[in-house]
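Thanks, everyone. I'll take a few minutes on one chain, starting at its surface. Here it is.

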Amino acid sequence: MRNETRGTIELTLAMVLSGTLGVFVVESGASPFEVVFFRCLFGAAALGAYSLVRGFFTGHGFTPKKLGLAALGGVFIVFNWVFLFEAYEATSISLATVVYHTQPFFLVLLGAVFMRERISGGKLGWLALAFVGLVLVSGVRPGDTASLKGLGFALAAAVLYALSTFVTKRITGVRPHLIALVQVLVGLPLLLPFADFGAVGGLGSGWAWLVGLGLIHTGLMYVLMYAAYAKLPTAKIAVLAFTYPAVAMGVDWAVYGHHIGLVQALGVPLIVLASLKVTLSGSRSGSRSDSGPHSRSGSAPAPVASPAPRTAGHAPEAASPVSTRAV
């Protein structure tokens, strides 16, 4: 099997798994804080075991500064999950997922504010188009406080993901698996004060869903994505990333009967198109400025789906210059 074909299969499967995450969250019956705590716990076990077997801890590449950046990114990504899962409860998996895909626009704004990066006229146009799509998708009517609350949670999750990306992409020379491991480990003490372990004692079958979130959606899914990045061109990664919201919307309809209205449906392609254009634009500008040790043949900036977005490392699994948005 050709490398690119294998990478396509791996990334498609990873995005399909990502699209089913909302069902695992809802069916667990636990509150968002407990869900994220146990996702971190079981996810750390999965990523730690995989990294140990693959020998990733040898020559890990961490320095105190890199470790600190990974931990800070973990703070953002863990609360990103909390807000996203709150959005699932307040509105629907479909609406929350689509709004969550405004992440690239917040990353552009962060670059402009903190790095004084110029926002081109083209990007401003795509940002405006995405805003129109967001207004249409929200479908919020006067007095519809639940949808408005869900929209706010999803936007907060997108901002936190962008912050994690902004911090973590400055880490070079460390495998993304190890950065992801640090970030989920950070979630354990961080969420401990908020977790109600008495409430999860009677979950019953809900425990299977929680274990699945850790082993499948934080272990297997990330391993598949990291393996796929080095095998695929930028454009294909960006396009395949949108398998995730498509599957999430389909699953939400099939399992819970949730579907977006006609006006909301008009906003979805606007957000998807604008997000794709901004992602590819950022990737092209990045590849023009990358040279020497940061070229594709060396340690390229590699966006990795959360919890370790847009990291860079010497590992072939972390060689792609495109961000894949997943939870």
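Start with V113. V113 is exposed, because its relative accessible area is 60%, and exposed means over 50%. This is a predicted model, by the way. V113 sits in helix α6, residues 103-114. Together with F114 and M115, V113 makes a nonpolar surface patch of about 330 Å².

Now zoom out. The chain has 327 residues, and 55% of them count as buried. Its accessible surface is about 13,300 Å², with 69% belonging to carbon and sulfur atoms. The secondary structure comes to 14 helices and two strands. Take the contacts with a separation of 6 or more: 84% of them are between residues 24 or more positions apart.

Next, charges. How many salt bridges does the chain have? The count is three.

One joins K236 to E4, with the closest N and O atoms 3.0 Å apart. That pair links distant parts of the chain: K236 is in helix α12, residues 234-240, E4 is in helix α1, residues 3-19, and they are 232 residues apart. K236 is partly exposed at 29% relative accessible area. E4 is partly exposed too, at 25%.

R6, E10 and K231 form a network of salt bridges. R6 to E10 comes in at 3.4 Å for the closest N and O atoms. These two are four residues apart in helix α1, so about one helical turn separates them. Is E10 buried or exposed? Buried, at 11% relative accessible area. R6 is partly exposed, at 47%.

K231 meets E10 at 3.1 Å, N to O. K231 lies in the loop between α11 and α12, and E10 in helix α1, so this pair ties together parts 221 residues apart in sequence.

Methods: Residues are numbered from 1 along each chain as its sequence is written. This is a predicted model: local features need pLDDT of at least 70, side-chain atom pairs count only at pLDDT 80 or more; totals for chains, interfaces and linings use all residues. Side-chain values use heavy atoms; hydrogens and water are left out. Patches are made of residues with over 30% relative accessible area and no salt bridge: like charges are joined within 9 Å, nonpolar side chains (Val, Leu, Ile, Met, Phe, Trp, Tyr) within 5 Å. Accessible areas come from the Shrake-Rupley method with a 1.4 Å probe; for residues, only the protein chains shown count as cover. A salt bridge is a side-chain nitrogen of Lys or Arg within 4 Å of a carboxyl oxygen of Asp or Glu. Buried means under 20% relative accessible area, exposed over 50%, partly exposed in between (1.4 Å probe, protein chains only). Contact means heavy atoms within 4.5 Å.
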